[in-house]
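Welcome, and thanks for taking a look.

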Amino acid sequence: MEGAGHGRGAGPSPMAGEQRQPQRQPGSCQVCPEQPADGPQQGLFSSLQTGNQSCQLMLLKTLETNPYVKLLLDAMKHSGCAINKERHFSCEDCNGNVSGGFDASSSQIVLCQNNIRNQAHMNRVVTHELIHAFDHCRAHVNWFTSVRHLACSEVRAANLSGDCSLVNEIFRLHFGLKRHHQTCVRDRAILSILAVRNISREMAEKAVDEVFESCFNDHEPFGRIPHSQTYARYAHRDFQNRDRYYSNI
Amino acid sequence: MADSGSWRPPRPCETYHAEWKLCRSARHFLHHYYVHGERPACEQWLRDLASCRDWEERRSAEAQRSLCESERARVQAARKHTLVWALRQSPPADWHLPVPQEKDK
């Protein structure tokens, strides 16, 4: 998750007890899909910072056009958690390289406007956080007391948001093909947990490994791993068709 | 399953065709291999497409049975893993409430 309980009373975080700050501290948000890149890549993009207005505009475009997000919004509405852009999203400056986070205690997604590079990045961050929000909406997720629950949502977000696409991994200089997606999902989930829980790497790995098979294969609300926007559009089509589907099988 | 008088294929036939085409594409082969380490199996989509068209043309009972069986198997496969968490009966009570006051300080 890119921010389950980022510092708002969310366990052993340096931000616990502190309220919304002009600058978010490292660890106050969950680790984002984009870990700090290696030197050259970071240098290339460090100047492409995004102000509040750009963040708002990119967010609006994502909400209106991105098929991953449109499906998630529909699914959440169907589950009783309709999203209101002003209520459930907040563009803020964050310290460190955090891209965003989901705060379960306030039911809000924080977007780190100074770290979101471009529209494609915004699309992916919003998708990632909405998966956490969707899990929060449909299930009793003990974000702060269960590492297994946190691990499960992180596995799902890394798996379904495009974080671990072949192209993104290549950009991170992680080369692999056969079943590499699963390796990426596992690794990113572990990193996300370690960013917000003061536990050993061994404990984080154990939690991820325990829940991996179940959570990697939980593709709700997509019904499949959406490898691209085409898959997301097909998934949205299926979601809209679900009444016909279930009444005829 | 709806009674045979009102039954229709769970998906439009065009959807079965689109899924089969996507499954057979080179891009999907690459995605599937990247995730699962093996080639995708696409034959069932083609069988379902044939059943769907058969039902549309002849209202074949066998086609109806075959489609239902195929889709139930897909649903079963998607649900075979026990969930890590308990599902809610209703959404979180505070979802629509204003952002808590202390967060705005």
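## Helix α8 of chain A

Helices here are DSSP runs (H or I, at least four residues), numbered from the N terminus.

Buried residues (under 20% relative accessible area, 1.4 Å probe, protein chains only) of α8(A) include H180(A), C184(A), R188(A) and V196(A). Their cover includes α6, α7 and α9 of chain A, together with α2 of chain B; contact means heavy atoms within 4.5 Å.

## How the model is read

This is a predicted model, in which local features need pLDDT of at least 70, side-chain atom pairs count only at pLDDT 80 or more, and totals for chains, interfaces and linings use all residues. Residues are numbered from 1 along each chain as written, chains are lettered from A and ligands numbered from 1 in written order, and side-chain values use heavy atoms, without hydrogens and water.

## A buried glutamate

E71(B) sits in helix α4 of chain B and counts as buried because its relative accessibility is 0%. Among the residues that E71(B) touches are Y245(A), I249(A) and R11(B).

## The A–B interface

The contact takes 63 residues from chain A and 49 from chain B. R244(A), N248(A) and I249(A) supply 15% of the area that chain A buries against chain B, counted as accessible area (1.4 Å probe) lost on being put together, summed over both parts.

Three salt bridges cross this interface, each a side-chain nitrogen of Lys or Arg within 4 Å of a carboxyl oxygen of Asp or Glu. R237(A) forms a salt bridge with E19(B), with the closest N and O atoms 2.5 Å apart.

Definitions and conventions:
Buried means under 20% relative accessible area, exposed over 50%, partly exposed in between (1.4 Å probe, protein chains only). Helices (H or I, at least four residues) and strands (E, at least two) are DSSP runs, numbered from the N terminus. Buried area is the accessible area (1.4 Å probe) that two parts lose on being put together, summed over both. Lists of a residue's contacts leave out its neighbours within four places in sequence.
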